[in-house]
Amino acid sequence: MNEFWIWFSTGVEHILSLSGYDHILFVTLLVFTYCFNKWGKLLLLISAFTIGHSISLALSVTNQIQLPQILVEFLIGLSILITSVHHLVNFNKPEQKKSVFLLFIVVFFGLIHGLGFSYLLKSMLGKEDSVFFPLLFFNLGLEAGQLVIVLAVIGFSMLLAFVFKCPYKLYKFILICIIGLVSLKITIERFLELF
């Protein structure tokens with residue numbers, strides 16, 4: 001039980017840490033893809049992200065795939081920027097027209113984010129013989145943290161809409177713009193660090 005809690009809590013802390021705010025921004029954008037009454041589609045999108053980052057996390061921890069951390073961090077910033085732009089370009093389009101391309105990029109960007117998650121896990125594993133359980137427990141912690149982000153965004157959105165009567169589309173548009181500007185800043189900063 002102690003081993004489970006160590007790896008699980010590390011996964012939760014990693015995704016919810018303000019120093020890793022880029023993952024929080026990306027998951028927030030995923031929540032804004034569909035209205036809350038389309039929770040099934042939202043669940044599919046979150047699952048696609050989970051599948052993507054679970055695959056690359058496992059491949060990276062087992063040294064099947066390796067990319068320089070600075071490149072991965074740049075790609076994470078770029079994934080948030082591209083998703084923000086996608087949301088803004090398609091802001092007034094019907095939801096069904098968004099789904100196919102977005103599902104593809106979410107899986108692809110999940111692969112990139114999984115590589116980002118792997119650096120912490122690999123540094124903690126050291127020379128452990130078996131990585132299966134630490135990887136599983138860490139990933140479950142990531143998923144629990146991701147669920148906290150999803151519920152927090154939905155809860156905050158409902159509070160603004162129902163208590164403060166803030167128009168949801170306006171709030172969504174403003175937040176997507178803010179996330180887009182933040183992701184542009186981190187993408188440029190991380191791009192410059194590549195050289």
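Being four residues apart in helix H7, Lys-185 and Glu-189 are separated by about one helical turn, where helices (H or I, at least four residues) are DSSP runs numbered from the N terminus. The two side chains form a salt bridge whose closest N and O atoms are 2.6 Å apart, a salt bridge being a side-chain nitrogen of Lys or Arg within 4 Å of a carboxyl oxygen of Asp or Glu. Lys-185 is partly exposed, with a relative accessible area of 48%, and Glu-189 is likewise partly exposed, at 36%; here buried means under 20% relative accessible area, exposed means over 50%, and partly exposed lies in between (1.4 Å probe, protein chains only).

The model is a predicted one, in which local features need pLDDT of at least 70 and side-chain atom pairs count only at pLDDT 80 or more, while totals for chains, interfaces and linings use all residues. Residues are numbered from 1 along each chain as its sequence is written, and side-chain values use heavy atoms, with hydrogens and water left out.

A search of the whole structure finds three salt bridges, and two of them involve Arg-190. The side chains of Arg-190 and Asp-22 meet with an N to O distance of 3.1 Å, a pairing that links distant parts of the chain, since Arg-190 belongs to helix H7 and Asp-22 to helix H2, 168 residues apart. Both of these residues are buried. Glu-73 also forms a salt bridge with Arg-190, the closest N and O atoms being 3.6 Å apart, and this pair again joins distant parts of the chain, with Glu-73 in helix H4 and Arg-190 in helix H7, 117 residues apart. Side chains of opposite charge can pair when their charged atoms come close.

Helix H7 itself can be followed along its length: at 1.5 Å a residue its 26 residues should span 38 Å, and its end C-alpha atoms are 37 Å apart, which agrees, the expected span being 1.5 Å times one less than the number of residues. The buried residues of H7 include Tyr-168, Tyr-171, Ile-176, Ile-179 and Ile-186, as well as Lys-172 and Arg-190. These buried residues of H7 pack against H2, H4 and H6, with contact taken as heavy atoms within 4.5 Å.

In soluble globular proteins, nonpolar side chains tend to be buried together. Leaving aside its neighbours within four places in sequence, Val-106 is in contact with Leu-30, Leu-45, Ala-48 and Phe-49.

Val-31 lies in helix H2 and is buried, with a relative accessible area of 0%. Beyond its neighbours within four places in sequence, Val-31 is in contact with Phe-36, Leu-42, Val-150, Val-153 and Ile-154. The C-alpha atoms of Val-31 and Ile-154 are separated by 7.5 Å, although these residues are 123 residues apart along the chain. By contrast, Lys-38 and Phe-195, 157 residues apart in sequence, are 43 Å apart in space, C-alpha to C-alpha. Lys-38 lies in the loop between H2 and H3 and is partly exposed, with a relative accessible area of 35%.

Leu-159 is found in helix H6 and, at 38% relative accessibility, counts as partly exposed.

Two loop residues deserve a look at their backbone. Asn-63, in the loop between H3 and H4, has a phi near 60°, a positive value in a residue other than glycine. Lys-165, in the loop between H6 and H7, has a positive phi near 55° and is exposed, with a relative accessible area of 64%.
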